[in-house]
Amino acid sequence: MSKATGTNKRSPVLHAADIHDLIRVHGARENNLKDVSIEIPKRRLTVFTGVSGSGKSSLVFNTIAAESQRLINETYSAFVQGFMPTQARPEVDVLEGLTTVITVDQQRMGSDPRSTVGTATDANAMLRILFSRLGKPHIGPPSAYSFNTASVRASGAITVERGNKKAVKATFNRTGGMCTRCEGRGSVSDIDLTQLYDDSKSLAEGAFTIPGWKSDSFWTVRVYAESGLLDPHKPIRKFTKQEMQDLLYREPTKVKVDGVNLTYEGLIPKIQKSFLSKDKEAMQPHIRAFVERAVTFTVCPECDGTRLSEGARSSKIKRISIADACGMEIRDLAEWVRGLEEPSVAPLLAALRQTLDSFVEIGLGYLALDRPAGTLSGGEAQRVKMIRHLGSSLTDVTYVFDEPTAGLHPHDIQRMNDLLLRLRDKGNTVLVVEHKPEMIAIADHVVDLGPGAGTGGGTVCFEGTVKELRAGDTVTGRHFDDRASVKETVREPNGALEVRGATANNLRDVDVDIPLGVLTVVTGVAGSGKSSLVHRSLPADAGVVSVDQSPIRGSRRSNPATYTGLLDPIRKEFAKANGVKPALFSANSEGACPTCNGVGVIYTDLAMMAGVATPCEECEGKRFQASVLEYHLGGRDISEVLAMSVAEAREFFGSGDAHTPAAHRILTRLADVGLGYLSLGQPLTTLSGGERQRLKLATHMTDKAGVYVLDEPTTGLHLADVEQLLGLLDGLVDSGKSVIVVEHHQAVMAHADWIIDLGPGAGHDGGQIVFEGTPADLVADRSTLTGQHLAEYVGA
């Protein structure tokens, strides 16, 4: 009997629509994938694992998710497609059974200073509507409560071209909520004049202390000294009021210096244009250090950092303004919203409650809506993106997650597991790229890629259940039940970094001594104050090098060889061996192929169709002129060297005709941080967050600084790679460095010499030191959440 008769018995004849219960991938060749063919069950939770660089993201994100998105985009009209990002079809023979894919990745949210948690999740939009309806006094429409909208007033005559043309008088008003002083940013910048010049000297004596300002330069020093507006022989401290105004703030003015027409401009606007408009990450180290010394950002005195105008702050609901609401922790704001009963806005209140409750449910209740989006960690950003999907009524959708446990304390991982299972149980397909055994353990199906990384990976080593994985002979299976043991003996510190009265963000007047000369792990639940302590509270003169997972600035021309400075000794060695200029061996300089300008491909824009990137016919994708490729070093040309992996290049430059000590040292550092599988010419834009952090660490390993701060270095690391990371951290400490690690991985905690545990909760429930001591003491104490999970991990 069929379902149509009302019984629960299934029809013995399978309906044609029910046979499509698999996502079939055949012949996938994206990046390092080697003709991968695989069948993934729908409406199940499938975890993809394998060592870093084994091809997980290439299969899940660059093949399955990319093709689904491309097919969806093609359903729109050509006009609409013209406004959408274009995507080429992935390198794959067959993709069947795809459903709509929703990708929730770890890409950092926009770092625009106007972007906040509230604006990124639509919670702010709903609050603005709420206050425009219920706020007293009423000040205007929702835009009147927006810090991104300026008030505008205009009047004049407009000409309407309809029938007989005639001029019509018109006025226009728009009420915005933007603070006029800080323009909705919440902070104002102030330049420290003592960092720009020595006022005891005259311009002729070299008063300027700005990097790169040479005394003989027309464009900088001489335009001030010889402008005729200032006395070059008078000490700056003796300048008149008018002279100081001209020196610092004068509008652009044409002047003549040695018969050359130049533009004179006040020092402050000139510094703002030449230094402050640039990205600090892209600056040379000495320029960046100058900007950090010379420029201070202070809370806007007019809006007190709320970004809002006085009018927007004056309108209140039950004595709470929109600025107060956005400044609350979201869990407190959710309680406040629940107390509002107003039938006229009931649907709005219901939607707002659901959004705020989703924040709390996903473990982000400690955030505030006015938190700048750019300050969220990768894990927090990914969970914020999950908010809009938790209450969704959509089913039969494929959700793709990239390490959803990143940034999560072991205590919080169970909550994330429950959320993923809930999405699956609604009838969705959930695909997760993950390394943590706690999450792999809940999978219905596991796909293990490898066996190695880069060219050594790209194949499916295992498919099956978690039980079968444990018994299987793959790298993941062998390391699945690995457990580190607590150190029996720990190193003795040789000093301490003193932190006194730390109050950054949610820290509660924290006093702590961070030991030097040892491996210190700072841990605690997400939002407990770890980053506030290590990134915002350490003494400024401590000589700290901070290595985080923020994006590396660079175009598709940038690669590990250019970023680390490796290409410089390689170019010089090629030039020396062949008796030519080093510039010939740069794809960004004289050696570039003239047809593709050293990119290696020709990009053709096809408007709403996917742009086509075809290998350059002139250089065949090698990026260099044919004449340059005739020069060899150790039997290889420069394009063949850039195609090598770090491990291969390390061996190549370590001995023989190509022996180059400077290059070998850099390659050794890259291998030491676990990046031996990266190719030297791989674009930086393709690296994961964990790979970016390890690349930064490799470049900083020769710094003279004595203290390294690492932010979750296990992110993106396979279980088998964690041991190598611990060896690297030990090596840094043994070389005389002090290493401070913000980390949740129990293996790193167990390996520490000293642990600082923050908590006991998140947000205003955290911000306190709840434990200081050795890992063994923490396990024995078990008074904190971290202690309980670490004790369980080590089997104590």
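How exposed is Tyr-76, going by its relative accessibility? The answer is partly exposed, because its relative accessibility is 40%, and partly exposed covers the range between under 20% (buried) and over 50% (exposed). Keep in mind that this is a predicted model.

**A nonpolar patch on the surface**
- Tyr-76 sits in the loop that runs between helix 1 (56-73) and helix 2 (78-81).
- Together with Phe-79, Val-80 and Phe-83, Tyr-76 makes up a nonpolar surface patch.

- Helix 4 (residues 123-134) and helix 12 (residues 346-361) have axes that come within 10 Å.
- Those axes cross at roughly 150 degrees, and angles over 145 count as roughly antiparallel, so that's what we call helix 4 and helix 12.
- The crossing of helix 4 past helix 12 is left-handed.

**Salt bridges, starting with Arg-89 and Glu-67**
- Side chains of opposite charge can pair up when their charged atoms come close.
- This structure has 31 salt bridges.
- One of them joins the side chains of Arg-89 and Glu-67, at 3.8 Å from N to O.
- Arg-89 belongs to the loop between helix 2 and strand 4 (94-96), while Glu-67 belongs to helix 1, so this pair ties together parts that are 22 residues apart in sequence.
- Is Glu-67 buried or exposed? Glu-67 is buried, because its relative accessible area is 4%.

**Arg-478 and Asp-473**
- Arg-478 pairs with Asp-473 in another salt bridge, and their closest N and O atoms are 2.9 Å apart.
- Arg-478 comes out as partly exposed, at 48% relative accessibility.
- Asp-473 counts as exposed because its relative accessible area is 65%, and the exposed label starts over 50%.

**Glu-648 and Arg-636**
- A salt bridge also connects Glu-648 with Arg-636, whose closest N and O atoms lie 3.7 Å apart.
- This pair links distant parts of the chain, twelve residues apart: Glu-648 is in helix 22 (residues 646-652), and Arg-636 is in the loop between strand 23 (612-615) and helix 21 (638-642).
- Glu-648 is partly exposed at 37%, and Arg-636 is partly exposed at 28%.

**A salt-bridge network**

Definitions and conventions:
Residues numbered from 1 in each chain as written. Predicted model: local features only at pLDDT ≥ 70, side-chain atom pairs only at ≥ 80, totals over all residues. Heavy atoms only, no water. Patch = residues over 30% accessible without salt bridge, like charges linked within 9 Å, V, L, I, M, F, W, Y side chains within 5 Å. Areas by Shrake-Rupley, 256 points an atom, 1.4 Å probe, with all protein chains shown as cover. Salt bridge = Lys/Arg side-chain N within 4 Å of Asp/Glu carboxyl O. Helix = DSSP H or I, 4+ residues; strand = E, 2+ residues; numbered from the N terminus. Buried < 20%, exposed > 50% of the residue type's maximum accessible area, 1.4 Å probe, protein only. Axes fitted to C-alpha atoms, helices over the stretch in contact; angles between N-to-C directions. Parallel < 35°, antiparallel > 145°, perpendicular 65-115°, else oblique. Left-handed = near helix turned anticlockwise from the far one by under 90°.
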